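Take the sequence and the structure together and work from the overall dimensions down to single residues. The paragraphs below follow that order.

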Amino acid sequence: MALYDVITFGHPTLRKKAKEISVDEIDQEFIDDMLETMYEKDGVGLAATQVNVLKRLVVVNDLKSEYVLINPKIIAKSEQQETDTEGCLSLPGFQAKVPRHLKIIVRALDREGDSVEFEAKGLLARIIQHELDHLDGILYIDRAEPDSLRMIMESDESSLKEISEKELTDFFKDNFHAERPDVEFERVQPLV
Ligand SMILES: [Zn+2]
């Protein structure tokens with residue numbers, strides 16, 4: 001078992017589209033390491049893209065069940081949407097209000113390579129939509145409601161500061177590798 005570093009905003013991989021995985025490519029050790037990384041970082045979901053692996057694989061834990069979804073697709077979604085707060089391990093310290101479909105039907109392969117199809121609602125539906133977006137290079141800030149972006153204050157986690165998208169970009173530019181494309185990103189520790 002190993003823990004991965006989670007790449008953060010500004011890393012070019014986060015904007016790339018991940019590739020489908022064939023059944024014989026399914027790597028059980030990688031899946032275990034993804035799960036371990038998600039739990040270690042108190043995440044409710046993690047996409048392979050976030051550990052700098054451009055494969056269509058996500059792990060999810062909605063506080064009820066654990067899911068490993070390979071080549072996941074949303075095959076149906078409710079018209080009804082719901083707006084709620086989201087954060088992301090790749091944008092540590094920030095959150096925003098994001099509208100998501102309330103109900104979705106997901107088709108994927110499980111970790112054994114068997115086809116699964118299920119309905120997800122509420123929090124689970126939200127997490128899956130967020131994680132699937134990562135596989136297409138989309139971040140929650142792309143879908144967030146205008147002016148809803150907030151920075152979580154280190155001094156008091158319940159206190160939030162309103163910030164603009166430009167400030168967000170600047171924040172990560174100062175602290176991260178966006179200007180240092182030659183560094184080996186996998187070894188860069190995320191800001192916590
Ligand atoms: Zn995320």
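The radius of gyration is taken here over C-alpha atoms, and the globule rule sets it at 2.2 Å times the number of residues to the power 0.38. The model is a predicted one. For 192 residues the rule gives a radius near 16 Å for a compact globule, and the protein has 16 Å, so the two agree. The C-alpha trace spans about 45 × 40 × 25 Å along its principal axes. Of the 192 residues, 31% count as buried. When contacts between residues at least 6 apart in sequence are considered, 65% of them join residues at least 24 apart.

The secondary structure consists of four helices and nine strands. In sequence order the pattern reads α-β-β-β-β-β-β-β-α-α-β-β-α. Strands of a sheet pair through backbone hydrogen bonds, in either a parallel or an antiparallel arrangement.

At the β7 end, β6 (residues 103-109) pairs with β7 over seven bridges in the antiparallel sense. Within that pairing, R107 has E117 of β7 as its bridge partner.

Another open sheet has four strands, ordered β4-β5-β8-β9, and its pairing is antiparallel. Here β4 (81-86) and β9 (160-162) are the edge strands; each has a single partner strand, so one side of each is left without a neighbour in the sheet. Neighbouring strands are turned by 35 degrees against each other on average, again with direction ignored. Strand β5 (residues 94-101) pairs with β8 (residues 150-152) over two bridges, in the antiparallel sense. The bridge partner of F94 in β8 is M151. Helix α2 (residues 122-135) lies across β4 and β5 and runs at about 105 degrees to β5.

Setting aside residues up to four places away in sequence, I128 touches V60, I104, V106 and A120.

A last stop is D33, a residue of helix α1 (residues 28-40). Is D33 buried or partly exposed? A residue needs 20 or more other C-beta atoms within 10 Å of its own to count as buried, and 12 or fewer to count as exposed. D33 has 17 within that distance, so D33 is partly exposed. Leaving aside neighbours within four places in sequence, the contacts of D33 are with M1, A2 and Y4. D33 and L124 are 91 residues apart along the chain, and their C-alpha atoms are separated by 21 Å.

Methods
Residues are numbered from 1 along each chain as its sequence is written. This is a predicted model: local features need pLDDT of at least 70, side-chain atom pairs count only at pLDDT 80 or more; totals for chains, interfaces and linings use all residues. Two strands pair if DSSP finds at least two bridges between them. Axes are lines fitted to C-alpha atoms, for helices over the stretch in contact, and angles run from 0 to 180 degrees between N-to-C directions. Two residues are in contact if their C-beta atoms, placed from the backbone, lie within 7 Å.
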